[in-house]
Amino acid sequence: MNPENANLWVILKQVVGFIYPNEIELHWNLLIVIYPYITGVVAGAFILASLVKVFRVHEVQPTYRLSLLTALSFLVVAPMPLIIHLGRPERGFEMFLTPSLSSAMAMFGFVYVWYLMAVLLLEIWFDYRKDLIIWAQREHGFKRFLYRLLSLYTTDVSEKAIAFDKKAVTSITIVGIPSAFLLHGYVGFIFGSIKANPWWSSVLMPIAFLFSAMVSGIGMVMLIYMVGALVRKKDLDMACIEKLATFLFIMMIVDFSLEGLDFVHRVYQSEESIKILSQLISERLFVSLIVIQLLLGMLIPLIVIAFAKSLDFPPELRRLSYFICVLLVELGIFTTRWNVVIGGQLFSKSFRGLTAYKISVGGVEGLLVSLAILALPFIILYVFVRLFPPWEEAHKGREVGTSEP
Amino acid sequence: MKRSKHEADPGRRRFCKMLLLGSCSLVVPSVLEGVTKGTKEGSSWYGTTYKPKEHLYGMGIHVDRCIGCGRCVDACKKENDVPYQPFYFRTWIERYAIGEDREVTVDSPNGGIESFRGQQPEKRMLKNFFVPKICNQCDKPPCVQVCPVGATYKTDDGVILVDTEWCIGCRYCIQACPYGMRFINPKTRTADKCTFCYHRIVKGLVPACVEVCPTQARVFGDLKAKASPINQFVRTNKIAVLKQNLNTEPKVFYAELDMEVR
Amino acid sequence: MQNAAQEINYGGSEVCTECHDALAAEKKSGYHRMVACEACHGPSAAHVQDAEKVKPQVPRSRTHCLLCHEYLVARPTGFPQVVSDSHNPVKPCIVCHEPHNPKPPNVPTGCDACHAKVQRIIVLSRHSSLQCTVCHEVSKEHKINPRGNRPKSMQDRQSCGKCHAKESTAPKEVPRVNMATHGEKYLCWQCHYPHQPEAH
């Protein structure tokens, strides 16, 4: 007997009401919850980087390169849960060979490749090019070879070249902002365009996904910046943190409003699915939706940040509050993805019953693999941070006396 | 300065050209396939005289004739080698029990494969009936729309099939089907669903479920044929389809369908 | 193409008649004439290919017949059903009923042999004291060929008026209405369910 089946016999006993017989198996599981979370962080981190280059919010400059590296480390991990989850991973590349033009999932593959190659990698390359050349000259052995390779063997650090680099970065960022919106908005569309599922089918889905992505991205960069400063025993740039917290606050207000709008809209229209969806929330999603997503992940961080700013907390307390807020926010956004993906499959399309989801600990799609995938971006980021330190840029800029603020 | 730039230039240009050509080569396989397939008018269908474009298959279901015996569910699993566990069904029977207070209870124990013996609902009844469910073979199938690799498709004779050699098992089609008709076959780990017994109907037989139904509750035929059981069914009954508001244009028609059926 | 090339397991009833012609002839006139051979005998295309080596299943136990004939309230009225616990329990069905041409060993005397659902509703009503034939005109052939000889039901208000009109000779307890004014534009059963008029 298939180990997957053993799970299903247990769930069969936990079914409430009537579900179509095939619905007993939950198809998009924890791995598919992780995926929108990861791409959300990518989009959010990139938008944060764009704040510096396009919107000229200079206070967050210290996190500029960190945002880009964060986006890249999360982006390379993003396809992993998808490939692992496929029934036939070895055929995964078919999406690029015979994509169906009507399928959002197929088109997303190209958006991903575009974003990785034409936006993120290019921007990072142009921004780091000068430093890569300088490091190549300084280092020896393997590192020297790596830097030379990554700088594509260029050695031009003239003013003209550097000016071109800067212009390139700005242009790519401008193109990158809608690309980042497309990257994660598309994931929202993949869910939002399914008319068969009333929990997912919504015009607001791509927009809500996008804003919760920005919340998670800004939060993640804040988190890594604070942890990085702690580990390196360096001082935090408080102006930067304050600005980040402000942006986080604004994004959370927008996200909260969107979710509130969705809720009011559903309750007011009171379509046929309202009964089973209410039952879904009260019986299966109460803790994850009401307690974690709303209370812990949204309301408490909003209140804490508002208090921290308006009551003018001392810096120590502020740093601690922001740190806790960011942790709660990340938990909240991850749970938001859970509520969307898993929640949408817990109720029957007959609108007459609920099923259950059991996470297995081991196995290819189990908890351990999921935790490993979630940990991987941080490991990759650590390697990036060691190889391409994002911190020196600010100092370097001031040393060399370039036009960098 | 100018010279060094010139020297680096051809290298960069060549690199970019190679990159562009390399990414374009990704589409070569599909272009080649399209060119070599060459389906011309008048060419035979896999060497037979069967002409798919001349047929359009549909099914009719008399709800008031179904006795819930489950022979259809059993025959389908036996004909199509579907795993016998209660998680994988290409067709199933639902029992509706509508009480005098108009409260509805629906059940489908193991899809109805061993009938519904020994499980009677406990309340005063207004109406009770059985409803067979099967893939609706929609004319506007949402499952085909979302398949990323085109592994599921609509044939010229109106049947929605899955190419199990090409399906990657992403499960998007399962999410998109409003009727819950698709599942993942645990043996092939690809999407699976009712095929209207395609291997039978192209040879002039009827699907296995239609073959064994003891009360002829299931009616199968060619919607394009002038004289066919399905056209007689559509003509003489007031028919309904499931979830009409989703505009999937199902080709499975129900006679005497109660409003409580989803 | 792989879909079209799949192996066929169910041969179809027509093929069975080619060899089993005597049995097919017997079946053709009975109640099971529309039941496919393979509905009971399972997939038999392999048996058609090699009749000696592959034998179809032959279900002889009670559980098989009860798949269709067990009393279930959701089954359509008129479909022959029995409550198996009280209908010769343990005895295999085929002892009394020949499966290829099933006939009840004794012709049922009452209507509730087939119309059990109606019977179970009517026992809750005061109309249970009435014979079915009071309202339904049934010919002898109905028991043998039910769908070919459908009973006639009540035709007009007077059918109910026989007992319920003010001037009727029915017993005192029977409720009376003024047939001229009470729901004069309607047939009685457009509002009152004849099998259980006490219900809503």
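Which domains does the domain assignment give for chain C? Keep that in mind as you work through these points; the model is a predicted one.

1. **The parts of chain C.** The assignment divides chain C into domain 1 (1-58), domain 2 (59-102) and domain 3 (116-190). If you take the centres of domain 1 and domain 2 of chain C over C-alpha atoms, they are 22 Å apart. Ten residues from domain 1 of chain C and seven residues from domain 2 of chain C make the contact between them. On the domain 1 side, helix H2 (residues 21-28) of chain C gives the most, with three residues. That side of domain 1 of chain C holds four nonpolar, four polar and two charged residues.

2. **Who touches whom.** Now step back to the whole assembly. Two pairs of chains touch, and the pair with the most contacts is chains A and B. Chain A and chain C, on the other hand, do not touch: 17 Å lies between their nearest C-alpha atoms.

3. **Chain B against chain A.** Here 43 residues of chain B are in contact with 40 residues of chain A. Which elements of chain B each supply at least two residues to this side? They are helix H2 (28-37), strand S3 (104-107), helix H4 (142-146), helix H5 (172-176) and strand S8 (183-185) of chain B. H5(B) gives the largest share, four residues. By class, the side of chain B that touches chain A has 28 nonpolar, ten polar and five charged residues.

4. **Chain B against chain C.** Turn to the other contact of chain B, where 36 residues of chain B meet 28 residues of chain C. Two or more residues each come from helix H3 (71-80), strand S2 (91-99), strand S4 (113-116), strand S5 (125-134), helix H6 (198-201) and helix H7 (208-212) of chain B. The side of chain B that touches chain C divides into 16 nonpolar, nine polar and eleven charged residues.

5. **Strands S2 and S5 of chain B.** S2(B) and S5(B) run antiparallel and are joined by nine bridges. One bridge to find on screen links B:Ala97 with its partner in S5(B), B:Asn128. Is S5(B) largely enclosed or largely open? Seven of its ten residues are buried, so S5(B) is largely enclosed by the rest of the structure.

6. **A four-stranded sheet in chain B.** Another place to look is the open sheet of four strands in chain B, ordered S10-S1-S12-S11, with mixed pairing. Its edge strands are strand S10 (218-222) and S11 of chain B, each of which pairs on one side only. Helix H8 (residues 229-236) of chain B packs on this sheet and touches S1, S10, S11 and S12 of chain B. The direction of H8(B) makes about 115 degrees with that of S10(B).

7. Strand S1 (residues 57-62) and strand S12 (residues 252-255) of chain B pair in the parallel sense over four bridges. Within that pair, B:Met59 has B:Val252 as its bridge partner in S12(B). By contrast, strand S11 (residues 239-240) of chain B runs antiparallel to S12(B), with two bridges joining them. There, B:Ala240 is partnered by B:Tyr254 of S12(B).

8. **Two residues with positive phi.** B:Tyr46 is not a glycine, yet its phi is positive, at about 50 degrees. You will find B:Tyr46 in the loop between H2 and S1 of chain B. B:Arg171, also not a glycine, has a positive phi of about 75 degrees, and sits in the loop between strand S7 (160-162) and H5 of chain B. Which of these is buried or exposed? B:Tyr46 counts as exposed because it has 9 C-beta neighbours inside 10 Å, whereas B:Arg171, with 23 other C-beta atoms within 10 Å, is buried.

9. **A helix pair in chain A.** Finally, helix H2 (residues 30-53) and helix H9 (residues 205-232) of chain A pack at an angle of about 70 degrees, and their axes are 6 Å apart. That angle makes H2(A) roughly perpendicular to H9(A). Among the contacting residues are A:Gly40, A:Gly44 and A:Ile47 of H2(A), and A:Phe209, A:Ala213 and A:Gly217 of H9(A). The contact has 15 nonpolar, five polar and no charged residues.

Definitions and conventions. Residues are numbered from 1 along each chain as its sequence is written. Chains are lettered from A and ligands numbered from 1 in the order in which they are written. This is a predicted model: local features need pLDDT of at least 70, side-chain atom pairs count only at pLDDT 80 or more; totals for chains, interfaces and linings use all residues. Ala, Val, Leu, Ile, Met, Phe, Trp, Tyr, Cys and Pro count as nonpolar, Asp, Glu, Lys and Arg as charged, and the others, Gly among them, as polar. Axes are lines fitted to C-alpha atoms, for helices over the stretch in contact, and angles run from 0 to 180 degrees between N-to-C directions. Angles under 35 degrees count as roughly parallel, over 145 as roughly antiparallel, 65 to 115 as roughly perpendicular and the rest as oblique. Domain bounds come from an automatic or database domain assignment. A residue is buried if 20 or more other C-beta atoms lie within 10 Å of its own, exposed if 12 or fewer, and partly exposed in between; C-beta atoms are placed from the backbone. Two strands pair if DSSP finds at least two bridges between them.
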